[in-house]
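Student: Hi! I'm new to this one and would like a walk through it. Can we start with how the helices pack?

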Amino acid sequence: MRNGRPKPLLELTDAEAAQLQSFARSRSLPASLCQRARIVLASASGESNTDIAVHLGLSKATVGKWRASFLEKRIAGLYDDVRPGRPRSIDDEQVAQLIQKTLHSKPRDGATHWSVRTIAAETHISKSSVQRYFQLFGLQPHRSESFKLSTDPFFIEKLRDVVGLYLSPPDNAIVLSVDEKSQCQALERTQPMLPMGFGYVEGVTHD
């Protein structure tokens, strides 16, 4: 029988779950933030503080601290508190404008993505500060990853056949790859672009 007060129930919205999963998988965000996201995700799945501590190699007090911080402040509670020191030269509104412009606009010079230099000039924030905020929020506007979607129900079978030809061609045979429409120029991609967000890069189809 358990003793003490029961812990408040920790439930996540779909948006919170998606953002925390992105944090937990990220290789660009601070390791401490990724770990705190894993704590919250495990807690939301019903694991006890003790089990989470053992699984992640943390103390039970650390798990309890970040669980309570999330319950109080949600996602914002996973970030470190600002330490005392010199007053900030960049306020929250300027940071919000930087993030908003990076995510939802393009440079006026026709470039497809913002760079640290161009967004710094546009927002009048130093390049070193822009770099720091990009790292903090996991923004990488200069990067993209490709993906491929197919609606063909036999796509996997066809893929195996084609790859099999290259890996193990028949005896006394050659394998040729032919572009069916070499003179046609593709004016747009076959699937909509997946926009950049916190902790993940822009996704585009490779065709």
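Tutor: Happy to. Helix α1 (residues 14-25) packs against helix α2 (residues 31-44) at an angle of about 135 degrees, and their axes are 8 Å apart. α1 is therefore oblique to α2; angles under 35 degrees count as roughly parallel, over 145 as roughly antiparallel, 65 to 115 as roughly perpendicular and the rest as oblique. The axes are lines fitted to C-alpha atoms, for helices over the stretch in contact, and angles run from 0 to 180 degrees between N-to-C directions.

Student: Which residues of α1 and α2 meet there?

Tutor: From α1, A17, L20, Q21, F23 and A24 meet L33, C34, A37, R38, V40 and L41 of α2. Contact here means heavy atoms within 4.5 Å. By class, that contact of α1 with α2 has nine nonpolar residues, one polar and one charged. (Ala, Val, Leu, Ile, Met, Phe, Trp, Tyr, Cys and Pro count as nonpolar, Asp, Glu, Lys and Arg as charged, and the others, Gly among them, as polar.)

Student: Before we go on, what kind of model is this?

Tutor: It is a predicted model, where local features need pLDDT of at least 70 and side-chain atom pairs count only at pLDDT 80 or more, while totals for chains, interfaces and linings use all residues. Residues are numbered from 1 along each chain as its sequence is written, and side-chain values use heavy atoms, with hydrogens and water left out.

Student: What is the mean pLDDT of the protein?

Tutor: The mean is 77, and 75% of the residues reach 70 or more. pLDDT is the predictor's confidence in each residue, from 0 to 100.

Student: And which elements have the lowest and the highest mean pLDDT?

Tutor: Strand β2 (residues 202-205) has the lowest, at 58, and helix α3 (residues 49-56) the highest, at 91. Where pLDDT is low, the predicted coordinates should not be read in detail.

Student: How many helices and strands are there in the protein?

Tutor: Eight helices and two strands, in the order α-α-α-α-α-α-α-β-α-β along the sequence. Both are DSSP runs numbered from the N terminus: helices are H or I with at least four residues, strands E with at least two.

Student: Back to packing. At what angle do α6 and α7 pack?

Tutor: About 110 degrees, with their axes 9 Å apart. α6 and α7 are therefore roughly perpendicular to each other. V116, R117, I119 and A120 of α6 make the contact with K127, V130, Q131 and F134 of α7. Five of the residues in this contact of α6 with α7 are nonpolar, one is polar and two are charged.

Student: Is H124 buried or exposed?

Tutor: H124 is exposed, with a relative accessible area of 71%. Buried means under 20% relative accessible area, exposed over 50%, and partly exposed in between (1.4 Å probe, protein chains only).

Student: Where is R74 found?

Tutor: R74 is in the loop between α4 (60-73) and α5 (92-104), and phi of R74 is also positive, near 60 degrees. R74 counts as partly exposed because its relative accessibility is 28%.

Student: What about S89, buried or exposed?

Tutor: S89 is exposed, at 68% relative accessible area, and is found in the loop between α4 and α5.
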